[in-house]
Amino acid sequence: GYLPGEQLYHTGHSQFFSNGDKLVHATQGAVTGPATGPHAGKGLKLLFPGNKGNISCPLSWLSRDPPPALPGGYLPGEQLYHTGHSQFFSNGDKLVHATQGAVTGPATGPHAGKGLKLLFPGNKGNISCPLSWLSRDPPPALPGGYLPGEQ
């Protein structure tokens with residue numbers, strides 16, 4: 001079991017809350033008690049540095065050991081450019097060529113192990129991207145001087 005005050009690593013993707021609190025991939029937090037809400041009975045509450053309140057996390061997002069480094073050597077919070085083609089999702093989120101997003105953790109799904117999750121401006125959720133679609137540097141201008149989304 002886990003003890004109050006024990007330091008655990010958050011191994012899931014980063015999340016940001018409206019009250020300013022945040023849950024950042026690979027950050028340690030102190031166990032404060034059992035989880036409530038959707039993670040009750042299968043998680044813990046932790047207090048992470050700089051947060052005002054405790055955050056309930058499922059046990060699957062927690063570890064006594066630090067998570068492995070992110071693919072490509074990138075860091076949580078790092079701003080990367082999307083260099084792939086633009087995509088639009090049914091929930092309203094979008095992935096637009098040449099837009100910067102913040103790294104939130106390792107990719108899941110088909111890009112697991114070879115990609116990252118990013119949060120792009122205006123999106124509600126994180127998007128998994130393969131490393132081949134990401135760069136620290138902006139992509140070259142589109143041929144003809146066109147802008148992404150221009151018709």
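Hi everyone, a word on conventions before we look around. Because the model is predicted, local features need pLDDT of at least 70 and side-chain atom pairs count only at pLDDT 80 or more, while totals for chains, interfaces and linings use all residues. Residues are numbered from 1 along each chain as its sequence is written, and side-chain values use heavy atoms, with hydrogens and water left out.

Let's start with the overall picture. The protein has 0 helices and 14 strands, where helices are DSSP runs of H or I with at least four residues, strands are runs of E with at least two, and numbering goes from the N terminus. So the pattern along the sequence is simply β-β-β-β-β-β-β-β-β-β-β-β-β-β. The C-alpha trace spans about 60 × 30 × 25 Å along its principal axes.

Of the 151 residues, 38% are buried; buried is under 20% relative accessible area, exposed is over 50%, and partly exposed is in between, with a 1.4 Å probe and protein chains only. The protein exposes about 8,400 Å², and carbon and sulfur atoms supply 58% of that area (Shrake-Rupley method, 1.4 Å probe; for residues, only the protein chains shown count as cover). On charge, there are 10 positive and 7 negative side chains, with the centres of the two sets 8 Å apart. Here Lys and Arg count as positive, Asp and Glu as negative, and His and the chain ends are not counted; each charge is placed at NZ of Lys, CZ of Arg, CG of Asp or CD of Glu.

As for contacts, meaning heavy atoms within 4.5 Å, consider pairs at least 6 apart in sequence: 44% of these join residues at least 24 apart.

Now to the sheets. Which strands pair with which? You can find Pro 34 bridged to Leu 44 and Gly 33 bridged to Lys 45. On the β1 side, β1 and β4 share 3 bridges, and Gln 7 has Ala 30 as its partner.

The other open sheet, also of 5 strands, has the order β13-β12-β11-β8-β14, again antiparallel. Its edges are β13 and β14 (134-135), each with a single partner strand, so one side of each has no neighbour in the sheet. β8 (residues 79-82) meets β14 over 2 bridges, and one to look for is His 82 with Leu 134.

Next, what is packed inside? The largest nonpolar core holds 11 residues: Leu 70, Tyr 74, Leu 80, Leu 95, Val 103, Leu 116, Leu 118, Phe 120, Ile 127, Cys 129 and Leu 134. By nonpolar core I mean a set of buried Ala, Val, Leu, Ile, Met, Phe, Trp, Tyr and Cys residues joined through side-chain atoms within 4.5 Å. The elements giving two or more residues to this core are β12 (115-119) and β13 (127-130). A second, separate core of 9 residues includes Leu 23, Val 31, Phe 48 and Leu 62.

A residue I'd like you to look at is Tyr 9, in strand β1 (residues 7-10). Is Tyr 9 buried or exposed? Tyr 9 counts as buried because its relative accessibility is 17%. Its C-alpha lies 6.5 Å from that of Gly 29, 20 residues apart along the chain. Leaving aside neighbours within four places, the contacts of Tyr 9 include Ala 26, Trp 61, Leu 62 and Pro 67.

That brings us to Ala 26 itself. Most residues other than glycine have a negative phi. Ala 26, though, has a positive phi of about 75 degrees. Ala 26 sits in the loop between β3 (22-23) and β4, and is partly exposed at 34% relative accessibility.

Ala 98 also has a positive phi of about 75 degrees. Ala 98 lies in the loop between β10 (94-95) and β11 (100-106), and with a relative accessible area of 35% it is partly exposed.

Key
Two strands pair if DSSP finds at least two bridges between them.
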